[in-house]
Amino acid sequence: MYDFAVFLITAFSLYLFLTACLPFSVSLFRKFIYFVFTCIVVALLSPYGQITAFFGIFILIITLPFFASTPRLLTMCCSLWGYICAVVLSYILPVIGELIFHASFMEIQEEHYFLAQFIYILVPYFVLRIFHILFTQKWHLPSQSFPASVLIAALLCEASCAALFIANFTYGEMIDYPQWIIHLNTALFSLFFVMAGVLLFLILRMFQRNQEYQLRLTYLSAAQEYSKSLEASYEEIKKFRHDYKNLLFALSGYLEEGDLPGARTYLSETLLPFSEKSQSLWSEKVFEEIAIPEIKGLLLFKTVLARRNKIDVAFFIPQKVESLQIETVDLVRILGIYFDNAIDAARESKEKKIFFQLIPENSSISLKLSNSFSNDTLTIKAIHNPAFTTKGKGHGHGLSITRDIFKQYPHLTFSTSISEGLFIQEIHGL
């Protein structure tokens, strides 16, 4: 019974150290399965002593992303970091215990095994939970996009550190853990741990600042796009006012001459149709349904651009849209790319049509943009090729940019299809 309790404590502590500071949420079922797997690995390797810890840790770290269903390299880095932290604390705590109780590590283990193990599990757990909070709330690791080369370098650094630790306490076990070995290990491990921690922190800060810079550039690009839409709207209004004033002067000519029949004809056949046509864009109720200024401005700008190219643009937005489950700047970028592609394709087609929809869908919104096109050989497979473009060399990055944006929003689903002569882009979960 005692041996079984020791086995469970060993397996549970190892499982806890490998998972406590993961920056991702994992379901209770997956945690249980991984704990069972940890027990199996410990049961198979524990009879052979500390030397097998190399293989056990390697197996558990490599397989953890499969059980957790999380990004592979980042999960392995965070998990191995948790293990290293726990090892360092397992050497610091006996030294503290020796100072308090004036007893050696082995004496404490022999007299108060379960109490010692409880402390050795509880203290590292709280420290690792602090790292978990830092990873998720301070550094926002799950939303960071680290290059694979950086994560591999960090993983190799941590693996070297873990290998050194394991080799050291394997040797300590062989010579029965004399006090000088414990003190030396504590000093070396703590120093090495601090140096590795500072290095990893500097790497994180460097990439975080780089991403913040990229975000500022993105916001600047979106602001420029929005500014263009306002300028286009203002120019359209100026043109309407200028043309309408000239038409009113022409009407005044009929009135001065007393030609009422001519004035009526001119009013019904020229002035009123022009008024309806010119104001249709500004009076369309659809734009009143969009309460997000950046989105409204972009749609207005792209609509003006499309109609200048003699493209018929229709909208269907049955209810007011006040907020969306995506950053406005990211949706502006996506819509800008979608509309640019739609206008280019519709301009070359016979029908010259674009149809835009924002439709309620449960507690979210679905977006659909359809456009006519003339390329009969166009296929969905070709579109998803990162190098695909119909605009010539130097283009074709738009859809790959939208795919990168979508990676930041796992709750969104997007699709591309071709149906009845229309090219269709859809987004669900907005």
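# Salt bridges, helix packing and a surface patch

User: How many salt bridges does a search of the whole structure find?

Analyst: The search finds three salt bridges. The model is a predicted one.

User: What counts as a salt bridge?

Analyst: The criterion is a side-chain nitrogen of Lys or Arg within 4 Å of a carboxyl oxygen of Asp or Glu. One case here is D340 with K302, where the closest N and O atoms are 2.7 Å apart.

User: Which parts of the chain does that pair link?

Analyst: The pair links distant parts of the chain, 38 residues apart. D340 sits in helix α12, residues 328-347, and K302 sits in helix α11, residues 293-308.

User: Are D340 and K302 buried or partly exposed?

Analyst: Buried means under 20% relative accessible area, exposed means over 50%, and partly exposed is in between. K302 has a relative accessible area of 3%, so K302 is buried. D340 is at 29% relative accessibility and therefore counts as partly exposed.

User: Where do D330 and R333 lie?

Analyst: Both are in helix α12, three residues apart, which is about one turn of the helix. D330 counts as buried because its relative accessibility is 5%. R333, with a relative accessible area of 26%, is partly exposed.

User: Which residue forms a salt bridge with R347?

Analyst: The partner is D344, and the closest N and O atoms are 2.7 Å apart. R347 and D344 also belong to helix α12, three residues apart, or about one turn of the helix. R347 is partly exposed because its relative accessible area is 31%. D344 is partly exposed as well, at 25%.

User: How should I read the packing of two helices?

Analyst: Packed helices are described by two quantities, the angle between their axes and the distance between the axes. Take helix α1, residues 2-19, and α2: they pack at an angle of about 125°, with their axes 9 Å apart.

User: At what angle do the axes of helix α3 and helix α4 cross?

Analyst: The axes cross at roughly 140° and come within 8 Å. Helix α3 covers residues 53-68, and helix α4 covers residues 72-101. α3 and α4 are therefore oblique to each other. The crossing of α3 and α4 is right-handed.

User: Which residues make the nonpolar surface patch?

Analyst: A patch consists of residues with over 30% relative accessible area and no salt bridge, and nonpolar side chains are joined within 5 Å. In this structure F29, F32, I33, V36, I40 and L44 make a nonpolar surface patch of about 590 Å². One of these residues, F32, lies in helix α2, which spans residues 28-45.

User: How far apart are P293 and T328 in sequence and in space?

Analyst: They are 35 residues apart in sequence, and their C-alpha atoms are 9.6 Å apart in space. P293 is found in helix α11. With a relative accessible area of 47%, P293 is partly exposed.

Definitions and conventions. Residues are numbered from 1 along each chain as its sequence is written. This is a predicted model: local features need pLDDT of at least 70, side-chain atom pairs count only at pLDDT 80 or more; totals for chains, interfaces and linings use all residues. Side-chain values use heavy atoms; hydrogens and water are left out. Patches are made of residues with over 30% relative accessible area and no salt bridge: like charges are joined within 9 Å, nonpolar side chains (Val, Leu, Ile, Met, Phe, Trp, Tyr) within 5 Å. Accessible areas come from the Shrake-Rupley method with a 1.4 Å probe; for residues, only the protein chains shown count as cover. Helices (H or I, at least four residues) and strands (E, at least two) are DSSP runs, numbered from the N terminus. Buried means under 20% relative accessible area, exposed over 50%, partly exposed in between (1.4 Å probe, protein chains only). Axes are lines fitted to C-alpha atoms, for helices over the stretch in contact, and angles run from 0 to 180 degrees between N-to-C directions. Angles under 35 degrees count as roughly parallel, over 145 as roughly antiparallel, 65 to 115 as roughly perpendicular and the rest as oblique. A crossing is left-handed if the near helix is turned anticlockwise from the far one by less than a right angle, and right-handed if clockwise.
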